[in-house]
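Here are my notes on the model, as numbered points. Please read them beside the coordinates.

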Amino acid sequence: MSNLPQGMDEQAMSLALIEAEKAADLDEVPVGAVVFKGDDIVGRGHNLTRTTQDPTAHAEMVAIRAAAETLNAWWLEGCTLYVTLEPCAMCSGSIVLARLDRLVFGATDPKAGACGSLRNIVEDPRLNHRIEMMGGVMEAECGERLRSFFREKRKT
């Protein structure tokens with residue numbers, strides 16, 4: 001169980017929502033992510049798939065890469081990833097391979113989520129590392145950000 005100060009998850013998710021806004025400003029699907037090690041932000045990211053024409057440039061992947069660079073390590077032990085949307089299979093696999101300690105996400109993703117919706121990669125007992133996971137943090141805010149983006153898209 002996490003020993004973070006009360007309200008830390010919501011504060012961190014608020015920062016991930018700011019990253020999601022950066023994605024929306026680029027006409028990217030508004031998903032944002034932040035990696036903490038203790039109280040320090042070591043990586044941030046938002047979706048950049050369209051901007052970079054890179055199918056792997058999901059918010060989680062961008063934030064994980066930034067954290068690995070900051071820490072000069074490919075294992076992110078002692079780190080927590082906050083992301084506004086339940087990670088997909090690619091991102092969930094990367095979370096396990098990076099050996100993050102903890103994952104906190106906002107909205108569930110019934111179409112592509114791989115942290116409980118379609119499958120649960122981060123807690124699969126067959127893998128050599130499992131992540132402590134919590135979903136639903138600021139779920140309403142995270143979900144509404146995505147819904148409003150797609151509502152606007154349908155208008156154009």
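1. Where is Arg-99 found? Arg-99 sits in the loop between α4 (89-97) and β4 (102-107). Its phi is near 60 degrees, a positive value in a residue other than glycine. Most residues other than glycine have a negative phi. Helices (H or I, at least four residues) and strands (E, at least two) are DSSP runs, numbered from the N terminus.

2. Some ground rules. This is a predicted model, where local features need pLDDT of at least 70, side-chain atom pairs count only at pLDDT 80 or more, and totals for chains, interfaces and linings use all residues. Residues are numbered from 1 along each chain as its sequence is written, and side-chain values use heavy atoms, with hydrogens and water left out.

3. Met-138 also deserves a look. Phi of Met-138 is near 55 degrees, again positive in a residue other than glycine. Met-138 lies in the loop between β5 (132-134) and α5 (139-155). Met-138 is buried, with a relative accessible area of 17%. Buried means under 20% relative accessible area, exposed over 50%, partly exposed in between (1.4 Å probe, protein chains only).

4. On the overall fold, the protein has five helices and five strands. Along the sequence the pattern reads α-β-β-α-α-β-α-β-β-α. Among contacts (heavy atoms within 4.5 Å) between residues at least 6 apart in sequence, 55% join residues at least 24 apart.

5. Along the principal axes, the C-alpha atoms fill a box of roughly 45 × 35 × 30 Å. Buried residues make up 48% of the 156.

6. Now the cysteines. A search of the whole structure finds zero disulfides, a disulfide being a pair of cysteine sulfur atoms within 2.5 Å. For Cys-79, the nearest cysteine sulfur, that of Cys-91, is 16 Å away. The sulfur of Cys-91 has its closest cysteine sulfur in Cys-88, at 3.8 Å, too far for a bond. Cys-79 is buried, at 0% relative accessible area. Cys-91 is buried, also with a value of 0%.

7. Last, the charges. The protein has 17 positive and 23 negative side chains, and the centres of the two sets lie 6 Å apart. Lys and Arg count as positive and Asp and Glu as negative; His and the chain ends are not counted. The place of a charge is NZ of Lys, CZ of Arg, CG of Asp or CD of Glu.
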